[in-house]
Amino acid sequence: MNSGFYLFAQLVQRLDETTKSSVKHQTLVQYFKEAPAKDAVWVVALFTGRRPKRLLPTKELQVLAAEQANIPEWLFLECYHAVGDLGETIALITQNTEHTKNYAGDIDDILQELLRLQTTDVTVKKQFIERQWQLFSTQEKFVFNKLMSGSFRVGISRQTVVNALAEVMQQPSGEIAHKLMGHWNPAETSLHTLLQSDGNADYSKPYPFYLAYAVDKPVQELGDCQEWQAEYKWDGIRAQLIVRNNTLYIWSRGEELVTDKFPELHAVVNYLPDGTVLDGEIVTYKDGKPLPFQNLQTRISRKTVSKKQLLEAPVSLICYDILEWNGADIRNQPLAERRQLLENTLLNNLFDRLLISEKIAFDSWEEAKVCQQNAREKMAEGLMLKRCNSAYLVGRKVGDWWKWKVNPYTVDAVMIYAQKGSGRRSNLYTDYTFAVKDGDKLVSFAKAYSGLTDKEFLEVNQFIKKHSIDKFGPVRTVEPKLVFEIAFEGIAESNRHKSGIAVRFPRMVRIRKDKTVDEINTTDDLRKLLTQHLV
């Protein structure tokens, strides 16, 4: 009989082998219908971001794997550099002499043990890991290594998981999405209990976020502009602020409870009625205007916020929707009604850290275009367009909410370093570091791994193999010959790159075969963009 973990490893493999959403959906539906109940809830947790902490540091895991495979550490590292993925390398070189003789366990058994071992002696941890390596097949070991090393990723969206569960449980996908939000522990609940429970039983539970699609056609095709509301698109942390049971909860869009990271907002419980949920953007805000995202980044990367950070980069919540009022879910009310309630709630509110998102007046799409093009002057990324009669839906839906971003910044840069990717790209060099000119030198300013087609990645991979001039660990130094056009949304000063500049959301637009390294942009060009960005 196959173990529950074997079935899970096969599921991960099948999902990784396809890019078709319909196939992923049916694969998940079939799994949830057949999987052991105690395992299914763990799969939902893992596929929606609830992953166990790393059991051993990477270095110790490498040493343990080399010892188990009876090879010197230098040879293990050579294998790792060739394969490009630590979990896969360990799965390929470690012995599994007992694989066909013993039942390797269910997901619940193994993950419960991973949780228990978090606080035990390192020797006990190593014994458990080596034992599982002996019991598992290569594919099981690969998945186990990913879980145990804290690097588990699977190419599937949260909405695909929600839709599959909705089909299996015969419940609306919106209800399923809501029940999967907030605090729940797969070690302490079953899938049936989770999905049959009242979505509002947990006071802290947020609502699923409504996400917008990027405008992909002339805005005039959206119809009468008077049917639309426009706001600025802020560059911060999307969040829901919840006041229930006289307690404040702040959830990020990544479903992380971040209340403690923003002490400036804690006093809001004294100003909002109980049973209120606001949707908005947390931004650093000072002297009447938002600050660059870089200022916020310095705060969210730290466990505790210093007094200096509170003074230099204080946060506010720019509110643009209200989802719950007096404990009642009002997401199905038209946006125009929710907006009026939001204004009534906040316009006379004495708490100065709650701001209301400005509605932009326009009588034609031409006027709206002018506002969109000038959005950077407001430290915004563009506009949000929302249909006035729209409900607050679940997930990313086409039709009622659109993000209309300004054109990205672009520069020409040369690739100087390359590293292999992960998942189905683990055998290809797909992660690149780019540089611009600083006098006679090349200095790095960005890393990017998206924007090219599969065919282009294969082409670049061949170039890297032919033009690698050095290596350090998994990274290859590449002859600075291949020029790319790089697009990005924001720019800020940073010590992370030698250029002293960091860019936000960099991506490759195209390979510039028509340009040489002598024609790429310079640090002076980047600093001009930085000056424009901060004006």
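We'll start with the whole chain and then zoom in on a sheet and a few residues.

**Before you click.** This is a predicted model, so to speak of local features we need pLDDT of at least 70, and side-chain atom pairs count only at pLDDT 80 or more, while totals for chains, interfaces and linings use all residues. Residues are numbered from 1 along each chain as its sequence is written, and side-chain values use heavy atoms, with hydrogens and water left out.

**Stop 1: the whole chain.** Show the protein chain as a cartoon: there are 18 helices and 22 strands in it. Those are DSSP runs numbered from the N terminus, with helices (H or I) of at least four residues and strands (E) of at least two. The radius of gyration is 25 Å, close to the 24 Å that the globule rule gives for 535 residues, so the chain is as compact as a globular protein of that length. For that, C-alpha atoms are used, and the rule is 2.2 Å times the number of residues to the power 0.38. Of the 535 residues, 51% are buried; buried means under 20% relative accessible area, exposed means over 50%, and partly exposed is in between (1.4 Å probe, protein chains only).

**Stop 2: an open sheet.** Next, select the 4 strands in the order E2-E13-E11-E3, whose pairing is mixed. Two strands pair if DSSP finds at least two bridges between them. Strands E2 (213-214) and E3 (228-234) are at the edges with a single partner strand each, so one side of each has no neighbour in the sheet. Now zoom in on E3 and E11 (residues 380-387): they run antiparallel and are joined by 6 bridges. Click Trp 228, and look for its bridge partner in E11, Arg 387.

**Stop 3: around helix H4.** Select Gln 68, in helix H4 (residues 58-69). Is Gln 68 buried or exposed? With a relative accessible area of 12%, Gln 68 is buried. Leaving out residues up to four places away in sequence, Gln 68 touches Thr 94, Gln 95, Glu 130, Trp 133 and Gln 134, where contact means heavy atoms within 4.5 Å. Then step to Asn 70, in the loop between H4 and helix H5 (73-83). Asn 70 is exposed, at 67% relative accessible area, and its phi is near 60°, a positive value in a residue other than glycine.

**Stop 4: one more loop.** Finally, select Asn 246, between strand E4 (237-244) and strand E5 (247-252). Asn 246 has a positive phi, near 55°, and is exposed, with a relative accessible area of 65%.
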